[in-house]
Structure formats: structure tokens, C-alpha cells
Amino acid sequence: MSRRRAFPDTGSAGILQRPARPSPKAGHVTQWSPDRWSCDGSGAAGNFLLPLKMPSNKSVSDAPITQFLNCHILKDHTLQREDLWVREGKILNPEKLFFDEKGYADVQIDCKGSIIAPGFIDTQINGGYGIDFSSATDDMKCGVSMVARRLLSTGVTSFCPTLVTSPVSVYHQVIPQIEVQDGGPKGAGILGLHLEGPFISKEKKGAHPDQYLQTFEKHGFQDLLDTYGSLDNVRIVTLAPELNRSEEVIRELVRRGICVSLGHSVSNLSQAEAAVKQGATFITHLFNAMLPFHHRDPGIVGLLTSNEIPAGQSIFYGMIADGIHTNPAALRIAYRAHPTGLVLVTDAIMAMGLPAGRHTLGQQVIEIDGLHAYVAGTKTLSGSIATMDMCVRHLWQVAGCSMEHALEAASLRPAELLGISQTKGTLEYGTDADLVLMDKELNVKATYIAGEWVWKHCKVANELEMGSE
């Protein structure tokens with residue numbers, strides 16, 4: 001009895017094939033190991049093809065080479081029928097492999113027509129699966145790790161845990177516990193924290209608790225340092241640009257390599273443009289928690305078409321494409337105005353993945369009603385319960401954009417925002433082999449980090465049990 005190894009969904013699922021045995025002169029064999037697979041709660045998968053220590057291209061690397069074939073890969077902004085080659089966690093240039101190294105694949109994976117896109121990157125996620133990143137706990141590291149593991153099933157391979165407006169004591173307790181780390185079988189990678197608040201507008205606080213909002217009035221940047229306690233491992237800070245002394249704060253954050261995002265604000269366009277000239281590059285969940293567009297002063301929204309953006313600087317904007325936070329018409333307007341700036345975010349709260357009912361977000365009680373998350377007792381939206389793959393599908397379905405652009409809004413664009421597109425967010429040669437495999441309807445079938453299979457749909461267990469005499 002032989003066991004076939006497959007990607008999720010029988011029929012369209014890809015089959016991991018044993019490559020043809022090379023000639024003895026090649027000095028290489030591949031060992032078939034049918035007993036190493038798992039479909040446990042983590043979704044982690046074992047290494048089921050185990051190359052021996054005599055690769056054909058030993059002069060370059062001892063590491064095995066994996067070839068994904070019969071797939072459509074997202075490259076150069078288009079889906080192309082092309083094989084993908086991976087070694088040591090990086091995407092290989094096959095021409096160099098063939099002609100310079102005289103190498104070939106140790107492992108071949110037949111994707112059966114699947115789409116391969118760069119792994120998704122979520123730059124704004126407040127928690128999920130019962131974990132609230134803004135909770136006062138000494139065990140936040142464990143909670144973040146659990147969420148990181150569960151995110152693999154949604155195609156997310158990297159993310160920024162987000163803290164909403166909280167007491168100073170919570171920042172001092174939680175921030176030191178969340179460190180930047182690479183992803184792998186145990187979960188998606190952590191790119192750094194996103195601190196959303198407390199330096200935001202009272203008028204546009206949304207679900208942020210009023211009593212913990214702060215300003216820069218007394219000491220400017222020192223007020224921010226005193227509040228957070230540390231900026232180690234912080235990647236993004238959301239603030240309201242109309243606050244007094246915000247420009248000096250933005251300037252110092254940018255100097256330290258931290259992305260500044262404008263949001264929860266009553267800023268006019270001139271104030272927003274001034275913030276951009278100091279180095280701000282992002283807009284937190286466009287349209288939500290900011291002044292509505294007005295033809296005489298479009299406010300922060302006007303940055304999408306402003307002619308005051310410094311040369312060489314790009315503006316990106318987050319969109320919660322969950323079908324709740326933004327009307328499809330508004331989504332289309334934003335996309336058509338500035339398609340290359342759209343960054344999909346989930347803004348997911350701890351209730352993502354949980355049943356309807358009451359849950360917490362920082363210092364607030366949140367009520368889940370269908371796909372809506374409200375501050376309890378109100379109709380104020382408070383984050384979402386959407387997953388990134390849901391947002392990608394919704395954007396593709398309603399925004400009038402191509403499938404490629406929808407996928408890039410969850411991969412390339414956030415990577416460009418964070419300045420990491422040289423390693424993540426693309427399938428260019430030499431970049432990290434963080435991959436998401438999907439069917440033609442953009443349902444996630446499998447997730448890879450650094451070329452390692454880290455999640456699969458549990459239907460694969462049924463495929464693994466199939467075989468023939």
C-alpha cells in the first residue's frame with residue numbers, strides 16, 4: 001500500500017510526487033518516508049521527503065531543492081504558468097541552477113493548477129481566537145504564539161500584533177513581551193508591534209477608551225516614550241497629526257525607523273500633508289475614524305491624490321475589506337484613485353474565530369452580532385472578525401480589481417510599506433519562500449514559510465489515507 005501526499009481539496013489538490021531516481025553517477029537518491037505527516041491542531045506538516053547527504057550540486061549547497069510545478073505563480077504583477085524553485089528557504093533562479101550548477105530538483109510538488117502567491121502580511125491585527133493583545137497579562141508571549149499558529153490557516157505568514165489605546169501600565173507590561181521573530185512551523189513571523197493610540201483624537205476615538213487618550217502637549221516625544229516605556233520591536237505607530245507637537249514626534253519616530261500612520265483623526269488635508277512631509281507614510285483604516293471626504297477639504301482621504309507628497313515618497317492606506325467597515329463603492333473609489341497604495345488589514349479582534357457573544361478588546365467590552373463587532377450597548381464598530389483570506393476575496397469580488405492586485409494588496413503592498421519588499425511580499429529570486437497556495441476562488445489550501453510546509457487543510461488527512469496496491 002502506498003500513500004499519496006496531497007494539498008487540501010481532493011481533485012484540485014496538488015500531489016507531492018516522488019521524483020524519478022537519478023542515475024548512480026549523479027550521486028543522489030531521495031528517500032520516500034510515508035510515515036511522517038501530521039494533521040494536528042497546529043496544522044504543521046512534517047518533512048515527508050528526506051534527501052540523503054549527497055546532492056547533485058554539492059559544490060553550492062547541501063540543502064535539497066524543491067520544485068513546485070503545474071502552478072500559476074504571482075510574479076511581475078501577473079499570474080504566470082511557471083515552476084517555482086526553492087532552496088534553503090529562498091526562491092531560486094532556475095537558469096542559474098540549471099546552467100551554472102548543473103542542478104535539478106530533489107523534491108517535486110505537483111500543484112495541480114493551484115495559485116501560488118507570496119504569504120500574506122497583516123499590519124493591523126488586535127488579536128484573535130480568544131487572545132487580546134492589549135490585555136494586562138504576563139503571559140502575552142504565549143497568547144501571541146497561539147494566534148501566530150492559527151493565522152497560518154488564513155495564508156498569513158507575517159504580522160504586526162496591534163495594541164489599542166490602553167493604560168500606561170499595560171504598555172509597560174505587554175510591549176517587552178512581544179519580540180520580532182521569524183515565522184516557521186510554530187506560527188507566522190512577527191514583524192514588530194503596531195501601537196494604535198493613545199495619541200489620537202477624542203472626536204474620532206471610535207472604540208478607544210476616552211479616559212486613556214493622551215497628547216504630546218507637555219514634553220513632545222518624551223511623552224510618547226514615557227507612555228510606551230520602550231520602542232524596541234515597535235514597527236508602526238498610529239497617531240492624529242493635528243495634535244500639537246505631532247510633527248516633531250513624527251520626525252523622531254521616522255528617524256528611529258518606525259512607520260508613522262495617520263488615523264483616528266479630525267485632521268484637515270494641510271495637516272495631513274505636513275505630517276507626510278515629516279515622514280508619515282500610512283493611513284490607518286481609510287474612511288474609518290476620520291473626517292469624511294468633503295470637496296473643499298478632503299481631509300486625510302485627500303492624501304490619495306495629493307500633489308504635495310515629497311518626491312520619492314509613497315503613501316499607503318489600510319483598508320478593512322470585510323464588507324462591514326467600508327461600502328463597496330467607497331472601496332472602489334479608493335482603489336481607483338490610488339491602486340498601488342492599498343494595503344489590506346483585518347483589524348481583527350480577539351473574537352475572530354470565536355462564536356457570537358460578548359468579548360473584550362483592551363479596556364472595552366465588545367459584542368459580536370453576525371459579522372459585526374460593536375462596542376457593547378452601541379453601534380460603534382470595534383475592529384472586525386474577518387480573516388485576511390476573506391478580505392482578499394472580498395476586495396477581488398467588489399473592487400473591480402484583478403486577482404493579482406487583490407493578492408498584492410495583502411503581500412507586496414504591506415511589504416513595501418514596511419520596507420521589506422526585498423525579502424518578503426514577492427516571488428522574486430532570492431526572496432523568502434513564504435508562500436500561500438490557493439484554488440481559483442482564492443481559498444487557502446496550504447501555507448509555506450521559508451519553503452517549509454507549515455499548514456494544510458485537514459482534508460489532506462483523507463488524501464493521505466488513500467492509496468493503491
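1. Overall burial. Buried residues make up 57% of the 469 residues in the protein. Buried means under 20% relative accessible area, exposed means over 50%, and partly exposed lies in between (1.4 Å probe, protein chains only). This is a predicted model: local features need pLDDT of at least 70, side-chain atom pairs count only at pLDDT 80 or more, and totals for chains, interfaces and linings use all residues. Residues are numbered from 1 along each chain as its sequence is written, and side-chain values use heavy atoms, with hydrogens and water left out.

2. Elements and contacts. The protein has 11 helices and 26 strands. Helices (H or I, at least four residues) and strands (E, at least two) are DSSP runs, numbered from the N terminus. Now take the contacts between residues at least 6 apart in sequence: 70% of them join residues at least 24 apart. Contact means heavy atoms within 4.5 Å.

3. Strand β13. Start with residues 156-163, which form strand β13. This strand is mostly covered, with 8 of its 8 residues buried. Strand β10 (residues 120-125) runs parallel to β13, and 4 bridges join the two. Two strands pair if DSSP finds at least two bridges between them. In this pairing, Phe 120 stands opposite Val 156 of β13.

4. Further partners of β13. Strand β14 (residues 189-190) is joined to β13 by 2 bridges, and the two run parallel. Here Phe 159 stands opposite Ile 190 of β14. Strand β15 (residues 193-196) also runs parallel to β13, again with 2 bridges. Leu 163 stands opposite Leu 195 of β15.

5. Aromatic pairs. The structure holds 7 aromatic pairs. Rings of Phe, Tyr and Trp (its six-membered ring) pair if their centres lie within 6.5 Å; planes under 30 degrees apart count as stacked, over 60 as edge-to-face and the rest as tilted. One of the pairs is Phe 68 with Tyr 448, which is edge-to-face, at 5.1 Å centre to centre and 80° between the planes. This pair links distant parts of the chain, 380 residues apart. Phe 68 is in strand β5 (residues 65-75) and Tyr 448 in strand β25 (residues 444-449). Both residues, Phe 68 and Tyr 448, are buried.

6. A stacked pair. Look next at Phe 199 and Phe 216. Their ring centres are 4.5 Å apart and their planes are at 15°, so the pair is stacked. Both residues lie in the loop between β15 and α4 (221-228), so the pair ties together parts that are 17 residues apart in sequence. Phe 199 counts as buried because its relative accessibility is 0%. Phe 216 counts as buried at 0% relative accessibility. Ring pairs link Tyr 171, Phe 199, Phe 216 and Tyr 228 into a cluster.

7. A cis bond. A cis peptide bond joins Gly 197 and Pro 198, with omega about 10°. Pro 198 lies in the loop between β15 and α4.

8. A charge over a ring. The charged end of Lys 456 sits over the ring of Trp 453, 5.8 Å from its centre. For this label, NZ of Lys or CZ of Arg must be within 6 Å of the ring centre and within 35 degrees of the ring normal.

9. Crossing helices. Helix α7 (residues 328-337) and helix α8 (residues 388-398) have axes that come within 10 Å and cross at roughly 85°. Axes are lines fitted to C-alpha atoms, for helices over the stretch in contact, and angles run from 0 to 180 degrees between N-to-C directions. That makes α7 roughly perpendicular to α8. Angles under 35 degrees count as roughly parallel, over 145 as roughly antiparallel, 65 to 115 as roughly perpendicular and the rest as oblique. Pro 328, Leu 331 and Arg 332 of α7 make the contact with His 394, Leu 395 and Val 398 of α8.

10. Ala 406. This residue is in helix α9 (residues 403-408). Ala 406 counts as buried because its relative accessibility is 0%. Leaving aside neighbours within four places in sequence, Ala 406 is in contact with Leu 344, Val 392, Leu 395, Trp 396 and Cys 401. Leu 344 is 62 residues away along the chain, yet the C-alpha atoms of Ala 406 and Leu 344 are separated by 8.6 Å.

11. Positive phi. Glu 88 is not glycine, but its phi is positive, near 50°. Glu 88 lies in the loop between β7 (84-87) and β8 (90-91), and counts as exposed at 59% relative accessibility. His 264, also not a glycine, has a positive phi of about 45°. His 264 lies in the loop between β17 (259-262) and α6 (269-277), and counts as buried at 4% relative accessibility.
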